[in-house]
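Good morning. Please take a look at the structure on the screen, and I will walk you through a few parts of it.

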Amino acid sequence: MPRGGDPGPGPDCPAERLCTDLTPTMAGLLDAVAEADVALYPTVAFPLSQWIISATAFQGVLIEQMERSCQAAADRQATLPPLLKILGDRSKFQILCVLRQGGKYNSELAEELGLTPATMSHHMSILLANQLVTVEKREAKLRYQLNREAVGKVATGLAWVFGLEDMF
C-alpha cells in the first residue's frame, strides 16, 4: 500500500481493490502483527500461503478462496454418499427416470412402476427431502417433477470428486 502521503493508484485499480478488500484471514493477521514492528505484504507470488518471517509477514491474497474450496470439497464428499445411496435404490432411480419424461401424479407413478401408492409415497418423501424432485399441488393432488438442477449437481459433484469435470 502507498506510504508517505502518496495517494497511489485510484480505487478502480485492481491491485488497490485487492489490497483494500482484506479478507477476514488477512485482517486477523493484521491484528496479530499490529503491535509488533512487522511489515505485512499481500502477495500473489504465494497466493495460497501465509508466512511470518522475522519482521516481515506475507499473506496470500487467495488463501480465503483456497479455504472455501477445501470446505466445498469436504461438503461434496459428505453429501454425495447419501444421494448416491438414494440413486442406488432401483425404485427411486426408476421414479427419477420416469419423471425425466415429465411430471406425474403419485397414482400414475405407482401404476406405471407397479408399486403401491403407500410405497410410492414413501419413496417420494425421501426424494423430496433430498430435493431430487419437486412437487406442485394441482386440484388437491400432488404432481411430482424431476428437479433437473439438483440431479445435475449430483452428476457434477461426482465428476468433480473423481476429476472428470472436463468430460462434461
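What does the accessible surface of the chain come to, and what percentage of it belongs to carbon and sulfur atoms? The accessible surface is about 11100 Å², and 57% of that belongs to carbon and sulfur atoms. Keep in mind that this is a predicted model.

Let me start with the overall layout. The chain has 168 residues, of which 27% are buried. Its secondary structure consists of seven helices and six strands. If you read from the N terminus, the order of elements is α-α-β-β-β-α-α-β-α-α-β-β-α. As for contacts, take those between residues at least 6 apart in sequence: 39% of them join residues at least 24 apart.

Thr79 and Gly157 are 78 residues apart along the chain, and their C-alpha atoms are separated by 9.3 Å. Thr79 sits in helix H3, which covers residues 63-88. Thr79 counts as partly exposed because its relative accessibility is 45%.

Next, two helices that pack. In general, two packed helices are described by the angle between their axes and the distance between the axes. Here the helices are H4, residues 90-99, and H6, residues 117-129. Their axes come within 10 Å and cross at roughly 80°. H4 is therefore roughly perpendicular to H6. Which residues meet between H4 and H6? From H4 there are Ser91, Lys92, Ile95, Leu96 and Leu99, and they meet Met120, His123, Met124, Ile126 and Leu127 from H6.

Lys92 brings us to the salt bridges. How many does a search of the whole structure find? The search finds four, and I will go through some of them.

Lys92 forms a salt bridge with Asp89, and the closest N and O atoms are 3.7 Å apart. Is Lys92 buried or exposed? Lys92 is buried, because its relative accessible area is 8%, and the cut-off for buried is under 20%.

Another salt bridge joins the side chains of Glu112 and Lys104, at 3.1 Å from N to O. Glu112 has a relative accessible area of 42%, so Glu112 is partly exposed.

Then there is a salt bridge between the side chains of Lys153 and Glu149, at 3.6 Å from N to O. Lys153 and Glu149 are about one helical turn from each other, because they are four residues apart in helix H7. Lys153 is exposed, with a relative accessible area of 57%. Glu149 counts as exposed too, at 56% relative accessibility.

Leu158 lies in H7, which spans residues 148-161. Leu158 itself has 30% relative accessibility, so Leu158 counts as partly exposed.

To recap, we looked at H4 and H6, whose axes cross at roughly 80°.

How values were computed: Residues numbered from 1 in each chain as written. Predicted model: local features only at pLDDT ≥ 70, side-chain atom pairs only at ≥ 80, totals over all residues. Heavy atoms only, no water. Helix = DSSP H or I, 4+ residues; strand = E, 2+ residues; numbered from the N terminus. Buried < 20%, exposed > 50% of the residue type's maximum accessible area, 1.4 Å probe, protein only. Axes fitted to C-alpha atoms, helices over the stretch in contact; angles between N-to-C directions. Parallel < 35°, antiparallel > 145°, perpendicular 65-115°, else oblique. Contact = heavy atoms within 4.5 Å. Areas by Shrake-Rupley, 256 points an atom, 1.4 Å probe, with all protein chains shown as cover.
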